[in-house]
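Reader: Please take one part of this model and go through it closely. I would like the aromatic side chains and their surroundings.

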Amino acid sequence: MAVTDADLIAPTGLRTPAGWLSALTATRQVSARLNADGVGPPHRLAVLRAGTSRVAPSAGHGWAAVGDAATAIDPIAARGSTAALATGISAGSAVTADAQGDRCALERYADLTAAVHAEFLHARTVCYRAGRQWDTPFWTRRTDGRPVDSVAGGEPSVNERTPA
């Protein structure tokens with residue numbers, strides 16, 4: 001996986017199997033493994049957006065958003081799986097409590113997912129500050145004090161969406 005901004009990927013050639021393999025062979029750690037295993041270029045690649053967003057509210061009467069549907073977390077801070085598991089477990093409990101007559105259960109769940117997202121935003125800021133050691137356009141954009149959503153090709157730092 002490579003994480004970058006949309007406008008930075010084109011000149012790298014990472015969208016092509018040959019470009020991807022070339023980038024991997026230029027690394028210190030992965031290239032040794034590739035050479036030892038005789039790995040060739042991949043047959044196909046997928047380029048996906050990995051932005052940050054959350055649905056607000058994340059629950060209502062008879063429904064609850066779970067995982068990335070509740071709070072999508074960019075992969076750099078490595079919290080997506082944890083957030084998905086936490087919201088899944090909590091949503092199950094909230095839906096059960098709601099079905100048993102607890103009319104505040106889903107509201108508490110929505111508050112929890114908002115808090116999980118807010119905590120992630122804080123952790124992401126800490127993670128991005130640690131990136132100051134790399135002098136690349138990707139990290140400069142995240143450490144120069146501008147919000148991530150103001151950079152070319154960047155994702156919104158919070159893109160709240162309303163459930164359909």
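Author: A residue is called buried here if its relative accessible area is under 20%, exposed if that area is over 50%, and partly exposed in between. In this predicted model, tyrosine 128 and tryptophan 139 are both buried. The value for tryptophan 139 is 14%, so the residue falls under the 20% limit. Tryptophan 134, at 44%, is partly exposed.

These residues belong to one aromatic cluster, made up of Tyr128, Trp134, Phe138 and Trp139. The structure has three aromatic pairs. A pair of aromatic rings is described by how far apart the centres are and by the angle of the planes. For tyrosine 128 and tryptophan 139, the ring centres are 5.9 Å apart and the planes stand at 85°, so this pair is edge-to-face. The pair links distant parts of the chain, with tyrosine 128 in helix H5 (residues 105-130) and tryptophan 139 in helix H6 (residues 137-143), eleven residues apart. Tryptophan 139 also pairs with tryptophan 134: the centres are 5.6 Å apart and the planes are at 40°, so the arrangement is tilted.

The charged end of arginine 142 sits over the ring of phenylalanine 138, 3.7 Å from the ring centre. Arginine 142 also lies over the face of tyrosine 128, where the distance to the ring centre is 5.6 Å. Two members of the cluster, Tyr128 and Phe138, thus have arginine 142 over their rings.

Conventions
Residues are numbered from 1 along each chain as its sequence is written. This is a predicted model: local features need pLDDT of at least 70, side-chain atom pairs count only at pLDDT 80 or more; totals for chains, interfaces and linings use all residues. Side-chain values use heavy atoms; hydrogens and water are left out. Rings of Phe, Tyr and Trp (its six-membered ring) pair if their centres lie within 6.5 Å; planes under 30 degrees apart count as stacked, over 60 as edge-to-face and the rest as tilted. Helices (H or I, at least four residues) and strands (E, at least two) are DSSP runs, numbered from the N terminus. Buried means under 20% relative accessible area, exposed over 50%, partly exposed in between (1.4 Å probe, protein chains only). A charge sits over a ring if NZ of Lys or CZ of Arg is within 6 Å of the ring centre and within 35 degrees of the ring normal.
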